[in-house]
Structures are given as C-alpha cells and as structure tokens.
Amino acid sequence: MESRRLETAYGPVAYRVRPGAGSLPLVLLHGRAADSTQWEGVVPLLAADAPLVLVDLPCHGASRAYEGFYYDRAADHVAEIVRLELARPALVVGHSIGGAVAQALAVRYPDAASGLLVADAAPLDARAYSAFDRFALKRSATSLRVYEERSVRGLAGGMAKELAATAAGREALHEIFARTDALGLCRLVSLADGELVRYVERMVEPQRPACPLSLVCGARDRLNKTLRAMRAWAQRARVPLCELAGCGHFCMLDDPAAFARAVAAFADDLRGGRASC
C-alpha cells in the first residue's frame, strides 16, 4: 500500500491507499487510541480488487502531529481524501471513534458514502448518552489529562485486556498501543471522550445518515455500554446488528475473518441493491 498525506491547516493527515479496479471502494477508519494498522488482519481477507483507503485519524498514528481532534473536522478531511483518491462514493467502515467520524461524514457529505458500516460505536444521538454517561466521559477526559507517567504504567496492557476478548486480539492491540507512550495514550483517550461529550451536547437533532447502514459489534464488548446502545440503535433503525461471538470492542482483532465476512456481506448487499437505509 502507498502512504500519502493530506496537508491541512492543522497538520497532516496520513493515509494509505491500495488501488483496485473494483466497483465498490472501501474506506477504513480505526478506533480510539489505535491507528490504521488495526486493519492489517482484515485487509487480506477483503475483495482483492477493491480500492482501499486506510486513514490515520487526526492525532493518531502517523497523523500524530495534527493539532486538535474533532469529529466533524475529521469527517471533513476523510471526505477530501475520498474526493482525491476515489472520485466516487465508498463503503465507509468506521470502528469506535472511527464509527462516529463515519456517521458525521455520511451526514455532512452524503455523496462520499455509498454505505456505512459502523462497528462498536454508539449512534451520534443524544438519546444514547444519559446524564451519567456524559458525566463519566467528562470525568474520564479530565482525569486522564492530569495523570503522571508513574500513574499509568502498564496502561497499554490494561487497555488491551479490557478492549479485546481473545489472546490474539489482546496481543495485537497491545502492539498498537505500545507504539505510543502511556501519557500519549491518556491524551488520545481524553481527546476522544471529551470531544464526544462536546459533540453530543452541541447536537440539535440525531445524526441520521441517508445511505444504507450496517451495524457490527463484538458480543463481549464491555466499553461504555456500547453493545446496549447498538442494540437499541438497530431496533430504532430497523437494521440487523451482527454480534460477533467471542469478540470484544476491537472485534476485528479478535476475529478478522468474521469481521471481513460482515464487510463482504454488506458490500454484496450494496452492489445488489438489497441494503436498507
């Protein structure tokens, strides 16, 4: 895959491109405190001819030098990358914070997304976050900003144990987290949690993408009531929720093959006109 950068006023956004002749491009957006390498087990299992774009979201991975993290601004950058690299709508796969960015992208730039697969992420809907949920996210963001190095030793291993359900998933996630020091991990989680609260509280009405939607979640996802929120979302939106057995929050690391099958099934539905909005 070829590494490229989108230059912005806030710093570069790094991404990787795999050209292809397939009719349905894929854009993959990673999860909280991770980077685009979380897709390495999934990419070889996707359609070989599908054009792929893997983005390191602002402040993450090779986009670490970027200043500030905002879901709507990140969506603007991803839309620009789609325009530059694909010149046609893509199936956007977003996980965790990438799922929030994907939702914002589909609302702000409906011509950029032919379909939306959201994995292990709540809807951008104030109803999904109680007053206590918002308080907890604010407290998390504030607490993590003031941690000292000695307070967060072993953080990468602890986060990996919480967010992945299998030994292979935990090992892969620990390797991703280990590329950032402990204070850097605290900063990334703080940015994601704090901005999520601000985004939800600014929201006038729920973000409802007009494109077809697919929902995927690890059946053992224990992060911030994500699974419960996704079940409620699936019921309201009248779309099925694919719960991947034995998988945690980073379900694509726990079972890359099952996740790739979910993406392929949705892509087939999009191509066949069977996917629902």
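Residues are numbered from 1 along each chain as its sequence is written, and side-chain values rest on heavy atoms, with hydrogens and water left out. Because the model is predicted, local features need pLDDT of at least 70 and side-chain atom pairs count only at pLDDT 80 or more, whereas totals for chains, interfaces and linings use all residues.

Helices (H or I, at least four residues) and strands (E, at least two) are taken as DSSP runs, numbered from the N terminus. Helix α1 covers residues 71-85, and its end C-alpha atoms lie 21 Å apart, in agreement with the 21 Å that its 15 residues should span at 1.5 Å a residue, where the expected span is 1.5 Å times one less than the number of residues. Within α1, the buried residues (under 20% relative accessible area; exposed is over 50% and partly exposed in between, with a 1.4 Å probe and protein chains only) are Y71, R73, A74, A75, H77, V78, A79, I81 and V82. The elements that cover these buried residues include β1 (2-8), β2 (11-18), β3 (26-29), β4 (52-55), α2 (97-108) and α6 (182-202). Just after α1, A87 adopts a positive phi of about 60 degrees.

A nonpolar core is a set of buried Ala, Val, Leu, Ile, Met, Phe, Trp, Tyr and Cys residues joined through side-chain atoms within 4.5 Å. The largest such core holds 98 residues, among which L91 and F259 touch the most other members. With contact taken as heavy atoms within 4.5 Å, and residues up to four places away in sequence not counted, F259 touches W39, V42, V93, L117, A119, V216, L244, C251 and M252.

For disulfides (pairs of cysteine sulfur atoms within 2.5 Å), the count comes to 0. C59 is in no disulfide, the nearest cysteine sulfur being that of C186 at 15 Å, and C59 counts as buried because its relative accessibility is 1%. C217 is likewise in no disulfide, with the sulfur of C251 as the nearest cysteine sulfur, 6.8 Å away; at 0% relative accessibility, C217 counts as buried.

A pocket is defined on a 1 Å grid over the protein atoms alone, as an open set of points where a 1.4 Å probe fits, with protein on both sides within 12 Å along at least five of seven lines, and its lining residues have an atom within 4 Å of a point. The largest pocket contains about 760 Å³ of space, the volume being that filled by probe spheres set on grid points joined across faces, edges and corners. Its lining comprises 37 residues, of which L137, L196, L223, N224 and T226 lie nearest the centre. At least two lining residues come from each of α2, α3 (131-145), α4 (155-163), α6 and α7 (226-237), and α3 gives the most, with 6 residues.

H249, in the loop between β8 (241-244) and α8 (251-254), counts as buried at 2% relative accessibility. Beyond its neighbours up to four places away in sequence, H249 touches H95, S96, D120, L163, D221, L223 and T226. D120 itself is placed in the loop between β6 (113-119) and α3, has a positive phi of about 50 degrees although it is not a glycine, and is buried with a relative accessible area of 1%.
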